[in-house]
Amino acid sequence: MASNGFCARYIRYQFSPCITIYIPQIWGSTSHTLTMSGTSFKSTVNEYLEALPDVVQSRIYDAPATCLSIFRLLPSLAKFYVMSMLFSPKPVAIKDLEKWCQPQARRLQYESLKRLRALHLIENDKSGTHVRLHPKFQNNFRDCLTGSQAPNAFGIISTEPENKNVDIKFLDKFASQKWETILHFMVGSELPSVPSKSVLSLLKLGGLMEGPGNSAATLRITNSGFQFLLQDVNIQIWTILLEYLNLTLDLNMDAVDVLNFIFILGSLELGKAYSVTSLSETQLKMLPDLRDYGLVYQRSENSPRFFPTRLATTLTSDSMGLKTPSMVLNQTLQDAESNEAESVDTAHQESQMGQIVLETNFKLYAYTNSPLEIAILNLFVSLKIRFANMVIGQITRESIRKALYNGITADQIIRFLETHAHTQMKQLAVEKLDKKIEFDISHNINTAGGAPQSKSTDSTNAQHRLEILPPNVVDQIKLWQLELDRIQTFDGYLFKDFQNVKEYEVLCNYASEVGVLLWSEKSKLRFFVTADGMTQVADFASRK
Amino acid sequence: MPTASKGVLVRCDPSIRALILQIDLTSRGIVLQELDSTHLMIKQEMVQFVKDELNRLLLKNIYDPMDGDKQ
């Protein structure tokens with residue numbers, strides 16, 4: 001019964017990539033949107049997976065849940081390849097693979113295949129002209145899709161009634177409370193309770209905090225810790241989990257077991273109770289740790305049930321984890337019938353967030369006493385004066401550069417200021433925008449630039465941007481970032497001394513097709529390729 | 001027969017290119033090839049040195065409003 005529920009659920013989700021099978025020729029035109037989809041947290045997970053030794057890699061494919069999760073983490077074109085090869089009993093010719101893409105999408109294809117090979121999902125057969133899927137992965141993933149996997153592959157739903165009412169709202173509250181305790185601890189807020197010992201040692205191992213010993217009082221946040229705070233919750237959790245994986249190796253826990261459990265958690269259903277009977281010994285040992293991070297909820301240490309929280313179930317999906325404060329704010333504004341608990345939450349957050357005033361002279365006033373917010377502001381503002389309920393600071397070239405050096409981007413800073421802007425700044429911005437649009441309509445012009453002939457109100461609206469922050473400050477912050485990287489450098493190789501134009505063009509075109517060409521000059525017959533692409537281009541040259 | 005040589009491609013605007021060439025004048029052997037008005041090829045070991053030198057040269061032209069406060 002339980003397993004059927006799961007199949008239905010992920011077939012609904014997972015079959016959507018199949019649609020692409022019928023329209024493979026679109027890959028060429030959509031390349032830019034696809035390259036943007038790879039977010040940084042996924043690349044860290046992928047890097048971890050790719051770096052695993054072969055033996056471990058082939059063992060992790062034993063678990064159907066892992067196969068499904070790894071499939072979810074693949075780029076779209078790679079998903080398409082896996083789906084197309086999944087039900088083919090024979091290896092597929094490499095030549096055929098290339099026919100599925102338009103020539104201009106060669107770069108995407110190269111990247112997808114590289115990823116698949118690094119994960120050992122596809123391998124060449126003996127002849128070297130055909131590729132096939134990893135046999136274990138193929139079997140398990142096929143079973144996943146057709147619903148014939150082992151009944152406990154995605155956990156066993158506990159049927160015993162729980163005494164206490166554990167609903168989704170409760171789980172969300174539990175998870176965010178646990179997680180926020182960790183974040184607040186990192187910035188040194190005074191808390192009624194400190195995170196557990198295991199969390200503290202993880203933070204230290206991950207280089208997020210430093211200090212002598214592991215006691216809560218002596219730990220200090222590091223630069224990478226600050227960067228960590230500015231990340232999305234999902235990225236934060238993966239950072240912690242990867243650190244946890246490294247730790248388990250030292251504790252002689254089986255990394256495959258640990259990884260499988262993490263991936264199983266990603267496929268569980270929020271709000272359902274799962275029985276601990278299907279878990280291995282290692283996985284049972286993990287439960288208390290995961291509870292400390294707020295990934296699972298257990299009523300007590302020996303409870304036979306556990307509940308995955310939203311933090312866990314969104315691990316391998318694109319959807320957001322817990323709501324960020326600004327999202328909660330937006331949602332409650334739109335959603336008038338939101339329930340009481342949520343509006344209490346919002347009011348609480350409003351007292352902390354949305355209280356920054358930024359002036360055109362780069363002075364910044366923040367009405368806050370939250371150590372977290374002040375600490376974050378201190379990253380890119382040189383703070384001057386602190387009162388009981390506000391701080392005053394100035395944005396300078398040096399303060400922004402300091403932040404940029406620490407790996408914070410100008411966009412992150414601007415987004416932070418925008419989401420935390422004082423309500424009055426937002427109101428002013430909206431009023432200004434309304435006036436502008438009104439002026440434009442009455443004079444039948446368009447001061448926002450773009451196409452002046454379009455007279456419909458909708459398109460005028462779209463061209464005007466809501467400017468919450470003073471535009472001169474925003475521009476200057478962006479300029480400071482540009483100034484920092486006045487030069488861009490790329491490692492690579494310069495090809496020159498070609499005999500004739502034809503020889504040059506063949507090689508140069510190939511390099512640009514696979515996306516490794518950085519610079520070329522036809523008149524002098526020379527071009528520059530990336531260090532990664534060097535072997536490829538050299539191979540191609542020797543084949544000719 | 002085409003040849004390939006290892007190095008670091010630098011992409012920058014012409015003014016920065018001029019500055020790098022200036023640096024190359026004082027400490028020889030940084031620039032391997034002058035490619036075009038916005039590209040240079042330099043030695044891999046010298047990348048950090050070039051960046052530091054550039055920073056130093058550019059800093060001369062910056063006005064810092066906080067300077068007055070510190071004194």
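Helix α20 of chain A, spanning residues 397-405, has four residues to look for: A:Ser399, A:Ile400, A:Ala403 and A:Leu404 are its buried ones. Viewed along the axis of α20(A), these buried residues stay within an arc of 140°, so they line one face of the helix. Keep in mind that this is a predicted model. Below are another helix and a sheet to explore in chain A.

**Helix α14**

- Helix α14 of chain A covers residues 255-267, which makes 13 residues.
- From its first C-alpha to its last, α14(A) reaches 19 Å, close to the 18 Å expected at 1.5 Å a residue.
- This helix is mostly covered, with 12 of its 13 residues buried.
- Among the buried residues of α14(A) are A:Val256, A:Leu259, A:Phe261, A:Ile262 and A:Phe263.
- The buried set of α14(A) also includes A:Asp257, A:Asn260, A:Gly266 and A:Ser267.

**The four-stranded sheet**

- In chain A, four strands make up an open sheet, ordered β10-β11-β13-β12, with antiparallel pairing.
- The edges belong to β10 (356-358) and β12 (382-386) of chain A; each has a single partner strand, so one side of each is left without a neighbour in the sheet.
- On average, neighbouring strands of this sheet are turned by 20° against each other, direction ignored.

**A pair of strands within the sheet**

- In general, strands of a sheet pair through backbone hydrogen bonds, either parallel or antiparallel.
- Strand β11 (residues 363-366) and strand β13 (residues 391-394), both of chain A, run antiparallel and are joined by four bridges.
- For one residue pairing to find on screen, take A:Ala366, whose bridge partner in β13(A) is A:Val391.

Notes
Residues are numbered from 1 along each chain as its sequence is written. Chains are lettered from A and ligands numbered from 1 in the order in which they are written. This is a predicted model: local features need pLDDT of at least 70, side-chain atom pairs count only at pLDDT 80 or more; totals for chains, interfaces and linings use all residues. A residue is buried if 20 or more other C-beta atoms lie within 10 Å of its own, exposed if 12 or fewer, and partly exposed in between; C-beta atoms are placed from the backbone. Helices (H or I, at least four residues) and strands (E, at least two) are DSSP runs, numbered from the N terminus. The arc is that of the directions from the helix axis to the C-beta atoms. The expected span of a helix is 1.5 Å times one less than its number of residues. Two strands pair if DSSP finds at least two bridges between them. Axes are lines fitted to C-alpha atoms, for helices over the stretch in contact, and angles run from 0 to 180 degrees between N-to-C directions.
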